[in-house]
Amino acid sequence: HDLAESNGTYYCDFVMHMISELATNGPSVKFVPTVEDQVFTTLVRQINRAHERAITFALKWNDVETIASQVGDSTSFIHVLPNFVEPIANAVVRDDRDTVRLQVEHLVERGHRRSGYLHGYNEELWSRPAFHRYNAFRDLMMEYRLETRLSDMREVGNKPELTYQAIYEM
């Protein structure tokens, strides 16, 4: 529930599907949400001592540093959708710029010449996907010479009611 609220249903569905597949087709799976640095550090030590493998989700940079300090350059950890710009080893990421390009090209091919951007960007909480998507959208508007108004660029977060209201007003 908390995962869906903070990251949207895509991420919740992604993680739940991944856990389901691992549990069905692989060894036992433990799902351990961690927020506090000390809890994460303890978990990394336990995984290393037991020679287990771990999958992290939406990793923060200080978590990478914790793993490096505890286990070195280990392949015991696979990082899914880490939340920072710099590439790291053993990471599974999605090309957010390409995702937006496909969306914009789809609209252009259907004759649309004006577009808006509803996003979940939060200035107080930096997000790699939001950063890349927003910049890709802005760049593509210029590349395709599409019209967009400042009033059509809106933060809606993960709240459907704000999304519906913004679409109606546009």
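Trainee: How much accessible surface does the protein have, and what share belongs to carbon and sulfur atoms?

Mentor: The accessible surface comes to about 11,700 Å², and 54% of that belongs to carbon and sulfur atoms. Those areas come from the Shrake-Rupley method with a 1.4 Å probe, and for residues only the protein chains shown count as cover. Bear in mind that this is a predicted model: local features need pLDDT of at least 70 and side-chain atom pairs count only at pLDDT 80 or more, while totals for chains, interfaces and linings use all residues. Residues are numbered from 1 along each chain as its sequence is written, and side-chain values use heavy atoms, with hydrogens and water left out.

Trainee: OK. How many helices and strands are there?

Mentor: There are six helices and five strands. Helices (H or I, at least four residues) and strands (E, at least two) are DSSP runs, numbered from the N terminus. Along the sequence the pattern reads α-α-β-α-β-β-α-β-α-β-α.

Trainee: And what percentage of the residues is buried?

Mentor: Of the 170 residues, 27% are buried. Buried is under 20% relative accessible area, exposed is over 50%, and partly exposed is in between (1.4 Å probe, protein chains only).

Trainee: Where's the largest nonpolar core?

Mentor: The largest one has ten residues: Val100, Val104, Val108, Tyr117, Ala136, Phe137, Leu140, Met141, Leu146 and Met153. A nonpolar core here is a set of buried Ala, Val, Leu, Ile, Met, Phe, Trp, Tyr and Cys residues joined through side-chain atoms within 4.5 Å. Apart from this core lies another, of nine residues, among them Ile47, Ala54, Ile67 and Val71.

Trainee: What about leucine 140, which residues does that touch?

Mentor: Beyond four places in sequence, leucine 140 touches Val100, Arg101, Val104 and Arg145. Arginine 145 follows α5 and has a positive phi, near 55°.

Trainee: Does α5 have the span I'd expect, or what distance separates its end C-alpha atoms?

Mentor: Its end C-alpha atoms are 22 Å apart, which agrees with the 22 Å that its 16 residues should span at 1.5 Å a residue. The expected span is 1.5 Å times one less than the number of residues.

Trainee: Switching to aromatics: how many pairs does a search of the whole structure find?

Mentor: Two aromatic pairs. One of them, tyrosine 117 with tyrosine 134, is edge-to-face, at 5.7 Å centre to centre and 70° between the planes. Rings of Phe, Tyr and Trp (its six-membered ring) pair if their centres lie within 6.5 Å; planes under 30 degrees apart count as stacked, over 60 as edge-to-face and the rest as tilted.

Trainee: Why does that pair tie together parts that are apart in sequence?

Mentor: Tyrosine 117 lies in strand β4 (residues 117-119) and tyrosine 134 in helix α5, so the pair links parts 17 residues apart in sequence. Tyrosine 117 counts as buried at 11% relative accessibility, while tyrosine 134 counts as partly exposed at 31%. Tyr117, Tyr134 and Phe137 form one aromatic cluster.

Trainee: Now α2. Which of its residues are buried?

Mentor: Phe40, Thr41, Val44 and Ile47. Down the axis of α2, its buried residues fall within an arc of 125°, so they line one face of the helix; the arc is that of the directions from the helix axis to the C-beta atoms. The face turned away from the buried side carries the exposed residues Gln38 and Arg49.

Trainee: What covers the buried residues of α2?

Mentor: The cover includes β1, α3 (61-71) and β2 (77-80).

Trainee: Last one: is threonine 56 buried or exposed?

Mentor: Threonine 56 counts as buried, at 8% relative accessibility. It's found in strand β1 (residues 54-57), and beyond four places in sequence threonine 56 touches Ile67, Phe77, Ile78, His79 and Val80.

Methods. Contact means heavy atoms within 4.5 Å.
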